[in-house]
Amino acid sequence: KTDATTAETPTKGMSRAAQRRRKKRKRDNIEQEDNHEIISADGCRAKEEGSVSKVEGKAKNTIRRDEGRHRLLHNGQLIRVLESYMDNNQNASEMKVLGAEYEAFFTALSKPLPLTFRLRRGLNDTQVETLHQELGSLKFSSHVRPTNFDGNIFHAYRGLDKSSLPRVCPALKDFLNQHSQDGTIARQELGSMLPVWLLDKMGFFCQNRQDKRKQNSALSSSPSSLLSESIIRVLDMCASPGSKTLQAAELMAELPCQGRVRANDINESRLKTLQEAIHRSGVKQVDQIVRYVNVDASAYPIPKKESKKYQIVLCDVPCSGDGTARKDRHIIPNWFPRIGNSLHSIQVRILIRALECVAVDGVVSYSTCSLNPVEDEAVVAGALNELQNKKSVLKFELLEVPQSLCNGLILRPGVTNWRIADYLVGTSDADEEMGGEEETSPRLQWYESYEEAITNNMNGACKSMWPCIDKQLHHQQQQQQQHHQQQPAFGSLTKCLRLLPQDQDTGGFFVALIQRTS
């Protein structure tokens, strides 16, 4: 074509990277002209005729942001890892599960994260009833409704998210702003609520917990129980931005003898921002309940006296954040396997320090907003195994959360088998500088064992990343367990919990509850 609007723009003086980007944009434009298929708000496919899209099915309006996010997901790095996993995984059961939910998982990730908020604890019956009446009114009930597992947690539907709230329902935005300032409503994601919510359901924030859970307690014959003391001490190891700290403080304020929450963060500026946010929250006596510490979580001072240790330790560690892809559109395009791999060691060190700070019969909640096993189950197993290998006098077990306590909340069990991936050195975009018009993605390499990773010069590899170092020993342990000759030292990793985006239209989240038994 010789039309001026379609003429080739001179590439003289442009870098090779800029030329590659231009070629990619042209290819994408050609694909869009040839294939006018988009993803509608409800995940249905829609055909586009001319410049007007006509949606097949019930959906009449398309959200082009969904289309863009869907393209990012399918052009990003994470999907390449999962596709390679599906092609190479030898475990038939895992293949079946992943294959069956593959489309549902990525369809959920391609949509914005719905708005979620909760009523704060400590409200009187009149306040709760008034809020429920207002939220149940016609002007709000068409946008938000209570969840089936907790009537005080509200979840938006019909695609309502934080960015569309001012346009779709400005009255609801004003309502939330007003009640956030007066301390009656907290805007918080479901995954972020999960650790404290589960601990509360299991009775760990109750001062007479031993009486309530006597039938489930393995320490009913112990000479003393530190949780029966008048004051419950909570430590938040990585407190910023403070949503879990504030959630715990609300529960502490309800106790006859108020508990104490110690919020720690390594970043002084983040800690100051957290302190200001908690002060503005409107929660009663929150300044007397919460104290602040600014130290490295992996080197947090261990209380010298057993009586000074914490009954509850919240350990929400820094992570790659792939579970927040619905909220942050930059997560997936910038995701690489090495991010989670590089964080594994510091996550293990933080969890070990949390376990060393918890009192007998106390509990550590380890959580991440990632679904990557190297940041989740591998960290839990690595920390517990390291303490066991040191022949520490501290003993722990993974707690199983009864389904009856979840009230219909769908939580998946932890995984027990995974592999470690990384991109081969020398297969990045730098290779394209040598010539080659097509952009090629880095080549993914899976490592079955630590020894294989070291042989192939994998950066940052450590033994605790893999689920089992000695397969023969693992097989013997399985046989012993089947014959009831020996129980696992800390319980099965299936007791860990995973919140998947497609189950309740949420983000992704991981949590494990670890109790100190002696």
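This is a predicted model: local features need pLDDT of at least 70, side-chain atom pairs count only at pLDDT 80 or more; totals for chains, interfaces and linings use all residues.
I started with serine 298 and skipped its neighbours within four places in sequence; what remains in contact with serine 298 is Ile346, Arg349, Ile350 and Arg353.

Next I looked up where serine 298 sits, and found it in the loop between β10 (290-293) and β11 (310-316). Is serine 298 buried or exposed? I got 14% relative accessibility, and buried means under 20%, so serine 298 counts as buried. I also checked its side chain, which makes a polar contact with the side chain of aspartate 296 at 3.0 Å.

Then I turned to helix pairs. I took α14 (residues 337-357) and α15 (residues 377-389) and found their axes 9 Å apart, at an angle of about 55°. That makes α14 oblique to α15. The crossing of α14 past α15 is right-handed. On the α14 side I noted contact residues including His344, Leu351 and Glu356, and on the α15 side Val379, Gly382 and Leu387 are among them. Sorting the residues of this contact gave me 10 nonpolar, three polar and two charged.

My last stop was α9 (residues 190-201) with α11 (residues 243-254). Their axes come within 9 Å and cross at roughly 25°, so I put α9 and α11 down as roughly parallel to each other. I logged this crossing as right-handed too. From α9, the contact uses Ser192, Met193, Pro195, Val196, Trp197 and Asp200; from α11, it uses Ser243, Lys244, Gln247, Ala248 and Leu251. By class I wrote down six nonpolar, three polar and two charged residues for the contact of α9 with α11.

Terms used:
Residues are numbered from 1 along each chain as its sequence is written. Side-chain values use heavy atoms; hydrogens and water are left out. Axes are lines fitted to C-alpha atoms, for helices over the stretch in contact, and angles run from 0 to 180 degrees between N-to-C directions. Helices (H or I, at least four residues) and strands (E, at least two) are DSSP runs, numbered from the N terminus. Angles under 35 degrees count as roughly parallel, over 145 as roughly antiparallel, 65 to 115 as roughly perpendicular and the rest as oblique. A crossing is left-handed if the near helix is turned anticlockwise from the far one by less than a right angle, and right-handed if clockwise. Contact means heavy atoms within 4.5 Å. Ala, Val, Leu, Ile, Met, Phe, Trp, Tyr, Cys and Pro count as nonpolar, Asp, Glu, Lys and Arg as charged, and the others, Gly among them, as polar. Buried means under 20% relative accessible area, exposed over 50%, partly exposed in between (1.4 Å probe, protein chains only). A polar contact is a pair of N or O atoms within 3.5 Å; within protein, one must be able to donate a hydrogen and the other to accept it, and residues adjacent in sequence count only if both atoms are side-chain atoms.
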